[in-house]
Structure formats: C-alpha cells, structure tokens
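My entries follow in the order in which I checked them.

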Amino acid sequence: MFANYHTHTARCHHATGEDKAYVEAAIQNGFQVLGFSDHCPWIFSDGYVSPIRMTPDELDGYVTSLTALKKEYAADITIYIGLESEYVPESEYVPEMLPEQQKFLQDYPIDYQILGEHFLYPEQRGIYTGKPTDNAAELKHYVDQVIAGMETGNYLYLAHPDLFHFIGDPALYEQEFRRLCVCLKEKQIPIEINQLGLADHRQYPNPAFLKIAESVGNTAIIGCDAHHPSALLDTDSQQACKKLAEQYHLPLVEVFPQLSR
C-alpha cells in the first residue's frame, strides 16, 4: 500500500502501541503516506467521559507528538495529523455539541477528518451502529445522518460505511445504501474497505454493500483502521482488501489532492 489514512493511537483507550512504532511499522512495510486519525474528542456538557475516544485535554499531546514525528521522519514518510470524527447534528439532545467541537479544534493544525459514524445520537445516550438490528427507522437515520455529514464538506472520506449492521429486509438495505453510495459518487468520495473489519471477521466489509457500490460505480480506499502497529504490517489482510476492490470493480484511491505533501 502507498498510503493509509486510518490510524489510531493509545489515546482512544482501545488501541495500543507508541506513536513512533506506528510510523516505523508503516515505513517498514513501504508506506509513503501515513495519516493518523484517532477518535476525535467531544466536549460533553454533562461531564460524561468517553471510554472510546481521547479526551479534550489529550489532544495537545496527540498533536505535539505527531508534529515531532512529522519532522523526525520527513525523509522517510509523509505524516498527516487527522481525526476520526462523528457527525451528530443539532437536536433536542445536543443543541451545541458540533459548534463547540469545531471551535475547540480550530486552534490545532488538523490536516483532515474522516467520518466514522458509530452512534446515531451522542454515545452516552446513543444507539451503536454496529449492533445487529432490523429497525428500518434506525437504518434510514444512519444513512440520513451520514449523508448530512458528508454534505458539510468537512470529511476526507467515510470510514467503514457498512458498519451499520442491518439484519432486516435486504431490499430496504439495498435502497438505503444505494442512496448513500450515490451521494458519495456524486461527491467523488471513496468508500472504505476496512482492514480491521476483514481481519477480525466482523460484519464489514459487507459483500451486499460492496455489490451496491459496484453497481453505482464508486471508488474505494483501503483503511487499515490500525489499533496496533502490527496492523500496518499485515500484508495478508491488505492484499485481501485489494482483492475485494478488484472483485467488485472498485478503483482504488490512495492520494487526495486537497492534502499538501
């Protein structure tokens, strides 16, 4: 692989390994671009502390560490500082969350964000999108929310778009995810083939989703979704992701013109 833009750090509390170890693993496996995209902090007004994302006071250390690594390894690899973020629109639950998050982030040199929609509402009240469900309203809510997020133009691409684990009517699944794939194609945004999901035998990458993306004519990107440096060395899983892209005739994207090198 030439590039990976989906890399976590120990700050999210469910990944392990030193920041430098991720960089050195990427270099060892021939990557020329490594984007870090740890889970973006939210500022929870009710004092809730997320167990799956960095806290606001950890962002300084994240940026400082990665900025130093950018300089240290500049001759070997291009490093970007990104975030994997949720789009949670204003509602009766969260009238101010997004504006406050955006205001908090504006003082940091963040190169990009990817959208990873893990919850339909704020996580302390929310519905996790990876749980099995046959609820049609939840499926539509997920697709509506992701499309609204992508409409903002704030996200480089959509991580694990097929995370939503719908076990209901296949025709409804096809209808809703076709709507999502059409939106992404119109915006020239690739769908992610997620290495972690494949390696862990999760419900994604989902062949039903990939078939829809094929019929719509989407492009794809491989996201390692690395939670340990060893994921960047897992060439078997990376090759399996490439084979999925080939099988479903999804041209792979590895470079984003909007990111300067």
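How many disulfides does the count come to? I took a disulfide as a pair of cysteine sulfur atoms within 2.5 Å, and by this rule the count comes to zero.

Before going on, I noted that this is a predicted model, that local features need pLDDT of at least 70 and side-chain atom pairs pLDDT 80 or more, and that totals for chains, interfaces and linings use all residues. Residues are numbered from 1 along each chain as its sequence is written, and side-chain values use heavy atoms, with hydrogens and water left out.

**Cysteines.** I checked Cys-12 and found it in no disulfide; the nearest cysteine sulfur belongs to Cys-40 and is 13 Å away. Cys-12 counts as buried because its relative accessibility is 0%; buried means under 20% relative accessible area, exposed over 50% and partly exposed in between, with a 1.4 Å probe and protein chains only. Cys-181 is likewise in no disulfide, with the sulfur of Cys-183 the nearest at 9.7 Å. Cys-181 is also at 0% and so counts as buried.

**H5 and H7.** Helices here are DSSP runs (H or I, at least four residues), numbered from the N terminus. H5 (residues 170–186) and H7 (residues 207–216) pack at about 50 degrees, with axes 9 Å apart; axes are lines fitted to C-alpha atoms over the stretch in contact, and angles run from 0 to 180 degrees between N-to-C directions. H5 is therefore oblique to H7, as angles under 35 degrees count as roughly parallel, over 145 as roughly antiparallel, 65 to 115 as roughly perpendicular and the rest as oblique.

**H1 and H2.** I then looked at H1 (residues 19–28) and H2 (residues 59–72), which pack at about 35 degrees with axes 10 Å apart. Asp-19, Lys-20 and Val-23 of H1 make the contact with Ser-65, Leu-66, Leu-69 and Glu-72 of H2.

**Gln-195.** Last, I looked up Gln-195, which is found in helix H6 (residues 195–199). Is Gln-195 buried or exposed? Its relative accessibility is 2%, so Gln-195 counts as buried. Leaving aside neighbours within four places in sequence, its contacts include Gly-223, Cys-224, Asp-234 and Cys-241.

Key. Helix = DSSP H or I, 4+ residues; strand = E, 2+ residues; numbered from the N terminus. Contact = heavy atoms within 4.5 Å.
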